[in-house]
Every structure is written in structure tokens, then in C-alpha cells.
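Visitor: I have a few questions about how the terms are used here. Can you take me through them?

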Amino acid sequence: MNNQEKAKFIIGKLLNYGVKEFCVCAGARNTPLLQALSEEHQAHVKSFFNENSAAFYSIGRIKKTGHPSAVITTSGSAVAELLPAVMEAYFLNYPLIVVTADRPVEFRGSGAPQTVDQQHIFNSHCMKSYDLVNDDFEELNFLVPGGPIHINVCLEEPNVQSFNQDLNSFDGFSEDRPMKKPLVILSQLEQKDKPVVLDFLQKHPLPVLVEAHSNLHNELADYPHRIYSYEGFIENYIDLFDGVIRIGGVPTLRLWRDLEARKIRVKNFSRVSFSGLSYLKDSPFTLDSLNEFSSISESSWKEQEISEILFKNRKWKEKVDQVLDLYPLSEQALFAQILHLIKTENLFVSNSSPIRILDFCLKAENTLAGVYSSRGTNGIDGQVSQSMGLVSESEVLVSVLGDLTCLYDLSGFWPLRSFNRHLKSQFCQIVVNNEGGELFNKIFSNRGISPLTQDWLRVGHELSFKGIADMYELDYVRTNQVIDLKGGQFIELRPDNDQTRKVWDELKSFV
Ligand SMILES: Cc1ncc(C[n+]2csc(CCOP(=O)(O)OP(=O)(O)O)c2C)c(N)n1
């Protein structure tokens, strides 16, 4: 069965079981389930961005209506957010059904983005847990009544349906011969990792992508082989590389996910014990072993080949600058403004668009102090709380969050009104309020997703953050221009969504 057939089958079973109301939660992986639901006109659907709220709301509905109710989520920590409500339903014997989309089974244990062991996560607090890995859907004919039910379903990755066949004929990644033309990706690193990484890059002048949370941006600002604004650019040149050397955590950039469908070898050097790829079973080498592994790269890059990529990259950057000048109210242009203002402040960026736009906008002339992100499960949960834990006396923390991400964790500001009241002036909140999950617009535009499904994914709203700023006694500014980053502020940044989309569109046609 393909994704759509699986999704249709599950939704059909739930309707037969007596589910009338569905709470759907925003996320890319569960899109086939939402798409199938959008074709069932008798289903009542409510969309949520917070899985915990969706599940407790469903319990309220079961209480009120007496009917079973279902929640549908994406993969990753989104699934864990259901646990308290599943427990509640278990002890009430309530028919709460949670359907969780999962990555294909070969991703399990890899540490790849948004991959967690979600198959039996609710353990004894469920009447029954179904783990639908392949075409084992017959099991669903016997849905057990009497309490919560978990249906975990593995869905194929969009665009890489055929990747299993590709990999069967490919054994290159297990070979130990040196890479001749590798690309280096620097991802999340700690301060103490800097010397060994810089030393490696000095010895091996290779093309390199530097994610901001590697905290090596300043040191490598003028590194001769650095590729900037690489999202949307590097994908076009990937066939020139015969391998990837990843240094640091699991990278954020889109290219990392695309590797799943490509025959490219990867060597990982990291403190994190996960390969981050389904097809790479070996744990990463330690960062210290970068010293010993000079043999990973007997570079045969010709200076001219690298110069050509760098020349194209310069042209691309010029085009990016032009487009940002043309659309000054786009999120990308506003992010460039923030980066221009950052000097000694630390920066925390949330998942979804902010972390990607940060890397996209970063320029050699920007100076960054500490950059923090949240790339364990890549969730949008708990981001305010994490940023609160990073506030300190020594420097101001600027936190840039998406609007849904901020709304997800509103109680996270609590320290500012209690034990960290004295640190309020050390914290500047920027919420990029594009009125919903704008990332989904970027991922799914022109992909044949029904308008209804797109609405459910986006979870559009017209909320203002003024009340939140007031509640936590931060100075509220609503603006489409960032002028300063002083502490004690809550800046609600209002980009023009049309301009944001035009930036991506114009760049799509230029390589
Ligand atoms: C806990 C959790 N639930 C769901 C998701 C799926 N998800 C990824 S991005 C996103 C939308 C984020 O919206 P917002 O914070 O407004 O950022 P924007 O996309 O607008 O930049 C969602 C729901 C997730 N990553 N984590």
C-alpha cells in the first residue's frame, strides 16, 4: 500500500469504530492522514498546534458526547506530548485513539531528524498499541474497546519512495577508502570542540557549510572555501561531491535529508552518538579522531573546480542580497536585520523556519556570540522554557521563535516572574508572527495538497502577543522593523507573508 492507501484505510477503520471527531495536529509526516480525512465529509475535524491540548480536548469531547475521539500527530516529540492525556484516558477507560505518523522502520535508532522510538511509547497505559510497519493493516480489524488505543503508522518519505531499491545496489558507504571530493558540514558544536575542528579545516582546505550553531561562524567568516546561503544552492551541486564529512550534531539543512535518497558516503565526527541517517549504522567517530583521520580525505579537488563552485556561490549571494532588498518585509530580510544588530548578545533560535532562515541569511560581516538551538528531536515544544534556562547575568539572550512555537510553551516564561525576575533585562524575546506555521507553506506549495489540508497544517490565527508580554512584564513592541535588541523587550515581528514567499520563489528559478 502507498501512503495514501494506508491513510485511507486507517481513517476508514476509525469511522467504522464510531469516531466522529478528529483533532489533527500540524506536522509534515501526518499529511497523508489529513489528506485522507479531508475527503471524508462526515468527519468533524479541529486543527491544533499543541498535541497535549488536542488530546485533552478530545477527552473533553468524549465526556461530552460519549463517542470515541481521535488525535492525529506527526512523528517525534509530538507523540510524547500525548502521554498525559493517554494516561488520563486509560484510568477512565475512555476510547481515545491516537494515530501517530512515523518515519520508515529503517530510521529507527538512527537519530535522524524527528525519529524517536514511538512505536510502544505509551506502554502499559494503552489497551492496545498497533505498530504498522509494512502492510500489516489487517490487525486493525479488531480494534479493542475499553480504553485508549495507539496506532503508529510508518509512512514512506515524500519524494524518496524508491530509496530502498537504490540502497540495495549501493554499498559505498561501508567502504573505508578515502573520499576524493568531500563536502564538509559543520553542525552543532561546543566551545571546547573548536580547536580540533579548526585545525582539521586548516590541514584540509575543503568546501564547507557552516551552520550557525556550530559557533564557528566568526572564526571561519573568511575561510576561502566556505559556501554561504547554502539552502537552495548546494542541492544543485551535490553530484560534484563523492562524500560528506559531518562534524558536530545532526545537521539541520535539507541536504542532509536528501542524502537518504543518494549514493553518497558520509563520515560522522561528533559528540552525539547517532549517525543521523537510516542507512548508516556506525556510530560517529569522536571529534578528537579528526586528528588521526587525515586519510578520510585524500582530496583530489582541483583548485579550479572549487573556484567554480565558489564563483557560482558568489553570484547566488548577490542574487540573495538583491531579492532581500526587493522584499524588505520578508522574514528573510527581517532576519538579516536582526543579525546585523547582534554583537555580544547570545542567540537562541527555534525550530521550523527561524533556524533555517538564520543560516540562509548569515553573512561574513555578521558577528555572532553564542548560538543555541534545539536539535535533539527538532520539536517545537519547550522552546520558551529552554531559552529561559539560557538566560544569565553575563550577556543578553535574544530568543527568536515562530508564533506557534511561542504559543506552545507560554508557561515557559514563568522564571521571569519568579526566581529570574532580576534577569529580565538580560532577555529579549522576538516572535516572528506570520500567523501560523509558515514552514508548511514552503514545504507543500504546489504539491497537490487540498486547500483544507493546507489550512489544518498551517493552523492560521490572528492572535496578538501583547497580552503575553504584559502578563510577563516585558516591554511590548509590534513592528516590521527591528531597531534594537535591548533586554526586557517582547518584539512581535510582523513579516509580510507574500514577500517571504516571493523570496523563495524568485530564488527557486535562479541557480
Ligand atoms: C512538538 C512538535 N509538534 C509538531 C511539530 C511539527 N511542526 C514543525 S514546524 C511546525 C510549525 C511551526 O510554526 P511556527 O512556530 O509558527 O514557525 P513558522 O513555521 O511559522 O516559522 C510544526 C507544527 C514539531 N516539530 N514538534
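Guide: Start with helices: these are DSSP runs of H or I with at least four residues, numbered from the N terminus. The model is predicted.

Visitor: Which residues come nearest to the ligand?

Guide: Ser-353, Gly-402, Thr-405, Gly-437 and Leu-439, out of 24 residues around the ligand. By class, this shell has 13 polar, six nonpolar and five charged residues.

Visitor: Why is the shell said to lie between two domains?

Guide: Domain 1 (3–154) and domain 3 (327–508) both give residues to the shell, so it lies between them.

Visitor: Where does domain 2 run?

Guide: Domain 2 is assigned to 163–295 + 304–308. Its contact with domain 1 takes eight residues from domain 2 and six from domain 1. On the domain 1 side, three are nonpolar, two polar and one charged.

Visitor: What makes a set of residues a nonpolar core?

Guide: The members are buried and joined through C-beta atoms within 7 Å. The largest such core has 137 residues. Leu-33 and Leu-186 have the most contacts inside it. Helix H10 (residues 331–341) gives the most to this core, six residues.

Visitor: How do you know that Leu-186 is in contact with Val-197?

Guide: Contact requires C-beta atoms within 7 Å. Val-197 is listed among the contacts of Leu-186, so the pair meets that cut-off. Other contacts of Leu-186 include Ile-247 and Gly-248.

Definitions and conventions:
Residues are numbered from 1 along each chain as its sequence is written. This is a predicted model: local features need pLDDT of at least 70, side-chain atom pairs count only at pLDDT 80 or more; totals for chains, interfaces and linings use all residues. A residue is near a molecule or strand if its C-beta atom, placed from the backbone, lies within 6 Å of it. Ala, Val, Leu, Ile, Met, Phe, Trp, Tyr, Cys and Pro count as nonpolar, Asp, Glu, Lys and Arg as charged, and the others, Gly among them, as polar. Domain bounds come from an automatic or database domain assignment. A residue is buried if 20 or more other C-beta atoms lie within 10 Å of its own, exposed if 12 or fewer, and partly exposed in between; C-beta atoms are placed from the backbone. Helices (H or I, at least four residues) and strands (E, at least two) are DSSP runs, numbered from the N terminus. Two residues are in contact if their C-beta atoms, placed from the backbone, lie within 7 Å. Lists of a residue's contacts leave out its neighbours within four places in sequence.
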